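Me: I would like to learn how to read a protein model. Could we go through one feature at a time?

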Amino acid sequence: MLTTITSVALAITATFVSAFLALLSYGHHRRQAIRLWEREKRLPDATRLENLKFLVEQLQSEHDELKDSVHDAREVLDEAQRQREWMEAAKEDIARLEQEKLEVVRIQNELETKQVELAAIQEQIAKKESDLKEQHDELEKLNAEQAKLRREADAILEELSKAEAIRDEIRSLEQKKSELSSEIERLESNARKLREQLEAELRGLKRDCSDLESQRDQRKSKLDELEKQIDGLSKKQEELSKERRELEKKVQELEGQAASLKGQIPTLQTAFDQLTSAMQQSSDAPDARKSELWHPVLAKSTAGSANAQDELECLTEVQHELKARGLKFDQRTVFAFHTALKTTSSSPLVTLAGVSGTGKSELPRRYADAVGMNFLNVAVQPRWDSPQDLFGFYDYLERRFRPTELTRALLQVDPIGPEQGRGWQASKEFDASRCHEQMLLVLMDEMNLARVEYYFSEFLSKLETRRGIDPRNQLDRQHAEIVLEVSGRQVGGMPLRLFVDTNVLFVGTMNEDESTQALSDKVIDRSNILRFGSPNSIYPVSSTNGNGRDRNLRQKLNRKNWVTWCRPPESLSSSETDQLLKWISQLRTSLDSVGRPFAYRVAHAMLEYAANYPEVENRIAWAVSDQIEQRILPKLIGLDMQHP
């Protein structure tokens, strides 16, 4: 292939050279013709008339030669154009071949590197073998020295036996006992010292022998390991070669499949256009005003907007309602739940987790009843895996959008309504049922039966985006709006845009057992998690509905009233802010030390939670205590305290 490319390049070069020479020849003849014409002008008329015929014939011949030259030059230029077109067509093949060439060079470099490493390993093996041989020679020398020492010890023992014989003779000679006793004691002392020295040297030699034998075994095991590594590298080289061949084969197959799929695209596009046209011509589109979207879910209050309510009085009403229903929740739990609902700008979700049967679902329901909020219960199913399960989907068989109760309720409390460009085609009856000045509390019951990230993560990001936009600005608001394809793929169909404002609060319950899914860090960082443990005592639950007021007779909580309860972090005093920042800094340092850090979102959420805590004694300490349980402790799940 490289030879072909070289030959093509040479042919193109030759073509350009020929064209250049032809242009030079044409220029030369043109200049000669101009010089002759200027000379002819200077000659007398008679002279020109005499040579006119000759000059005409000469110019005619030159004209013919120039025509031939121009024809040749055109052919050369045409050939160059054809060669250029061929080069343009072959660019992709050339680039692919260059890529394959680079890949081959890379693989060759890797093989050379592996060979160099293999040679280095073989050199190390040879060096280790030489070292082992030297140690073996040293061991043989030590064995020889050990044998020599043993012979010397035997000789000393023989001398000791002779000394014993002399001692017997000394005993028999009593008259020489006094003279030789000192000599005998000295000899015995020397013998004991020599024996101890020999025994110590023998023990040392034995230890040295055992050490050398262990070293020899270790060197032998290392040698075996190196041989295994060499075999492994050889096998790996063979596997790499095999993988390369398989990859080349797969690339060819994929290229063939890609070509086949590209060929099918026009056919499929034609079939899709025909199907779309047939669907449009088969029957008239259903009336969008009669869609299920515009069937109200929430009952609009007929009592009008409520007067301004005091926050603490309202919380007292919540506790009375819970007690009347036979539910036992302490004041701290009610305050924590209420405060978590008010911090939706930084934490759009309130999660109630813990043991089944502890009232996790009843708390938000009875809270909504007592405060005067609309309430909607959404039962999460284990099969949920997309936002369509939460909001609905377009049924292409029946050609209509199938909304969920949540979508219909959110349409009722949408504060923007049928603005131009939002795709709203509501009926007059639906316009009369809108209640965007009221509050809505949505309970997602057992939300972790399915993966929360699959069906709720995108919506959670939209809720968080509300914090930095102006709802009155249409372009700005679109970043936080939910887009629903209520018209399917009908030509001219406009998607429905839905804005979920802060008058909608979301609460989720989750049981912690083997049938549920764990929450991701993204959901935990955007949630206040309240945990319900096992009750301290088992008390009888009332079977009546209690003495609470009928929810239908209560006035609905006005959204403006709720907004007056919500306070920004800037409402804290300077001393409270300093104390909170100090505690947050200490918590952050502690979590950093165990590999569980948190950033600005959590710190801002903790400040907002403290600012919105009800005006009670020790509210800052209570708020920080709640946030440690709701935000800090969930980050420590799965932490191994033995290996921080």
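Me: How far is helix α9 (residues 405–413) enclosed by the rest of the structure, and how many of its residues are buried?

Reply: Some conventions come before the answer. This is a predicted model, in which local features need pLDDT of at least 70 and side-chain atom pairs count only at pLDDT 80 or more, while totals for chains, interfaces and linings use all residues. Residues are numbered from 1 along each chain as its sequence is written, and side-chain values use heavy atoms, with hydrogens and water left out. Helices (DSSP runs of H or I, at least four residues) and strands (runs of E, at least two) are numbered from the N terminus. Buried means under 20% relative accessible area, exposed means over 50%, and partly exposed lies in between, with a 1.4 Å probe and protein chains only. For helix α9, eight of the nine residues are buried, so the helix is largely enclosed by the rest of the structure. The buried residues of α9 are L406, T407, R408, A409, L410, L411, Q412 and V413.

Me: How many helices and strands does the chain have, and what share of its residues is buried?

Reply: The chain has 18 helices and nine strands. Of its 644 residues, 33% are buried. The accessible surface, found by the Shrake-Rupley method with a 1.4 Å probe, comes to about 40,700 Å², and 52% of that belongs to carbon and sulfur atoms.

Me: What share of the contacts joins residues at least 24 apart in sequence?

Reply: Contact means heavy atoms within 4.5 Å. Among contacts between residues at least 6 apart in sequence, 79% join residues at least 24 apart.

Me: What describes two packed helices?

Reply: The angle between their axes and the distance between the axes describe them. Axes are lines fitted to C-alpha atoms, for helices over the stretch in contact, and the angles run from 0 to 180 degrees between N-to-C directions. Take helix α5 (residues 311–324) and helix α7 (residues 362–371): they pack at an angle of about 125°, with their axes 9 Å apart. That angle makes α5 oblique to α7. The classes are roughly parallel under 35 degrees, roughly antiparallel over 145, roughly perpendicular from 65 to 115, and oblique for the rest.

Me: What is the handedness of the crossing of α5 and α7, and which residues meet there?

Reply: A crossing is left-handed if the near helix is turned anticlockwise from the far one by less than a right angle, and right-handed if clockwise. The α5 and α7 crossing is right-handed. From α5, the residues C314, E317, V318, E321 and L322 meet L363, R366, Y367, D369, A370 and V371 of α7. By class, this contact has seven nonpolar, no polar and four charged residues. Ala, Val, Leu, Ile, Met, Phe, Trp, Tyr, Cys and Pro count as nonpolar, Asp, Glu, Lys and Arg as charged, and the others, Gly among them, as polar.

Me: How many residues of α7 are buried, and what follows α7?

Reply: Eight of the ten residues of α7 are buried, leaving this helix mostly covered. They are L363, P364, R366, Y367, A368, D369, A370 and V371. G372 follows α7 and has a positive phi, near 100°.

Me: At what angle do α5 and α6 cross?

Reply: The axes of α5 and helix α6 (residues 331–342) cross at roughly 125° and come within 11 Å. The two helices are therefore oblique to each other. Their crossing is right-handed. Here E311, L312, L315, V318, Q319 and L322 in α5 meet Q331, V334, F335, H338 and K342 in α6. The classes in this contact are six nonpolar, three polar and two charged residues.

Me: Is L315 buried or exposed, and what does L315 touch?

Reply: L315, in helix α5, is buried, with a relative accessible area of 1%. Not counting residues up to four places away in sequence, L315 touches V334, F335, H338 and P614. L315 and H338 are 23 residues apart in sequence, and their C-alpha atoms are 8.1 Å apart.

Me: Where does E446 lie, and what is its phi?

Reply: E446 lies in the loop between β5 (440–445) and α11 (452–455). Its phi is positive, about 55°, although E446 is not a glycine. E446 is partly exposed, with a relative accessible area of 30%.
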